[in-house]
Amino acid sequence: MINEIRAKSLGYVYKVIRTLSKYFIFRLSKGKQNQPDLESVINFGDSILDLIPFKPTLFNFSIPKKNKVSVYDLEFPSPFIVSSFKMHSSSLQMWSSMGAGSVIVKTILPDVSLGNSRPRIQEVDWNGKPHILNAMGLPGPGISSFISTIQDWDWLKKLNRPVGISIGGHSSHDYFESIKKIESCSFNFTYFYELNISCPNTPDGANLSKHVDQLDALLRDLRQITNRVISVKLSPAQTNKEIKSYGNLLSSYDRMIVNVGNTRPTERNVVGLSELQFTRPVAGLSGPALIERTREMVRELKSVNVPVIATGGISTASDIYNLKSDGADLFGMATSLVFNPFILVELNKRF
Ligand SMILES: Cc1cc2nc3c(=O)[nH]c(=O)nc-3n(C[C@H](O)[C@H](O)[C@H](O)COP(=O)(O)O)c2cc1C
């Protein structure tokens with residue numbers, strides 16, 4: 001009860017700070033004749049979070065023991081997973097303390113990448129509910145720098161739950177080489193890989209989701225160098241037939257997970273954004289509008305013998321209930337955590 005009140009109060013404070021920051025940063029941009037850009041609000045929020053002391057204590061909420069889910073030898077204390085979208089250490093640590101069973105770190109490319117030009121992320125209203133349109137384009141420091149950074153995150157060593165490392169690439173070779181590099185290091189925390197083969201915001205980020213034979217060849221090569229659990233993240237833009245054939249391919253390898261799925265390719269004008277507000281004509285939509293497609297993909301995989309992470313549109317306890325009935329084992333979330341991270345506390349209580 002006390003924890004619930006604490007979560008509700010902190011959730012309220014979070015929403016107030018978020019709304020005020022957005023309001024003032026957008027007003028400031030307009031005053032300077034700049035286009036309001038959600039990324040500035042996100043960066044500001046991240047800096048505030050970095051400054052908050054005693055985060056592990058302040059945000060610490062226990063997870064009921066019954067929520068534990070085992071997939072192969074990975075033990076997730078709760079089935080709620082922070083989907084790959086963020087590489088900010090304090091945010092990942094905060095979500096873990098709040099009750100995420102795992103965090104999947106933002107997709108990393110082999111080399112330094114600046115991503116697409118800004119504005120490349122905006123909040124949009126869709127059917128009266130807040131969503132996000134993003135075309136970040138996988139900005140990041142590149143695999144070598146990522147390896148040293150993650151080795152410095154001491155909190156990961158005490159985390160006691162699996163961490164997902166999401167790998168992106170321009171070709172099969174890139175995915176292979178990045179994993180080979182990681183395999184040559186020793187991390188002292190438990191981790192699994194996720195192959196992001198469904199990024200809609202880089203020119204070739206979704207190539208492997210169109211060529212099942214190329215993914216097959218890549219998995220064959222990867223199984224020569226690693227026995228770690230590998231999740232493969234598919235796209236809601238793939239057809240049901242493709243989802244099933246990818247699921248079947250994954251079930252023919254050991255220790256695989258299928259994650260359905262990524263953001264949905266959507267035209268900016270469909271969600272009411274102009275060229276000034278968003279540079280790219282097509283980007284990835286995330287949030288509640290995705291839930292029905294996520295459920296459909298999970299059902300498509302029901303007869304396939306591979307554990308399923310359901311990602312896309314989760315925002316309520318009844319979404320979890322439905323996805324579990326559809327056959328999902330784990331539940332990935334991004335957008336709902338941006339709007340209220342304390343949803344993790346409620347979901348853990350009601351699971
Ligand atoms: C700002 C943003 C950045 C994202 N970056 C990544 C990424 O780097 N790798 C990835 O696999 N998915 C990425 N995603 C997709 C999410 O992991 C998730 O699959 C998608 O948003 C659908 O879930 P949701 O409706 O709960 O947000 C990103 C999503 C957002 C909103």
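**Close-up 1. Packing of helices α7 and α8 in the predicted model**. Helix α7 (residues 172–183) packs against helix α8 (residues 212–225) with the axes 10 Å apart and at an angle of about 15 degrees. Angles under 35 degrees count as roughly parallel, and α7 and α8 are therefore roughly parallel to each other. Their crossing is right-handed. On the α7 side the contact is made by S172, Y175, F176, I179, K180 and E183, and on the α8 side by Q214, L218, D221, L222 and I225. By class, the residues of this contact of α7 with α8 are 6 nonpolar, 2 polar and 3 charged.

**Close-up 2. Crossing of helices α1 and α2**. The axes of α1 (residues 2–31) and α2 (residues 38–51) come within 9 Å and cross at roughly 130 degrees; α1 and α2 are therefore oblique to each other. The crossing of α1 and α2 is right-handed. From α1, residues R18, S21, K22, I25 and F26 meet L38, S40, V41 and F44 of α2. The residues of the contact of α1 with α2 comprise 5 nonpolar, 2 polar and 2 charged.

Close-up 3. A polar backbone atom of S84 is 2.7 Å from an oxygen atom of the ligand. K106 places a polar side-chain atom 2.8 Å from an oxygen atom of the ligand. For A334, a backbone N or O atom lies 3.0 Å from an oxygen atom of the ligand.

Terms used: Residues are numbered from 1 along each chain as its sequence is written. This is a predicted model: local features need pLDDT of at least 70, side-chain atom pairs count only at pLDDT 80 or more; totals for chains, interfaces and linings use all residues. Side-chain values use heavy atoms; hydrogens and water are left out. Axes are lines fitted to C-alpha atoms, for helices over the stretch in contact, and angles run from 0 to 180 degrees between N-to-C directions. Helices (H or I, at least four residues) and strands (E, at least two) are DSSP runs, numbered from the N terminus. Angles under 35 degrees count as roughly parallel, over 145 as roughly antiparallel, 65 to 115 as roughly perpendicular and the rest as oblique. A crossing is left-handed if the near helix is turned anticlockwise from the far one by less than a right angle, and right-handed if clockwise. Contact means heavy atoms within 4.5 Å. Ala, Val, Leu, Ile, Met, Phe, Trp, Tyr, Cys and Pro count as nonpolar, Asp, Glu, Lys and Arg as charged, and the others, Gly among them, as polar. A polar contact is a pair of N or O atoms within 3.5 Å; within protein, one must be able to donate a hydrogen and the other to accept it, and residues adjacent in sequence count only if both atoms are side-chain atoms.
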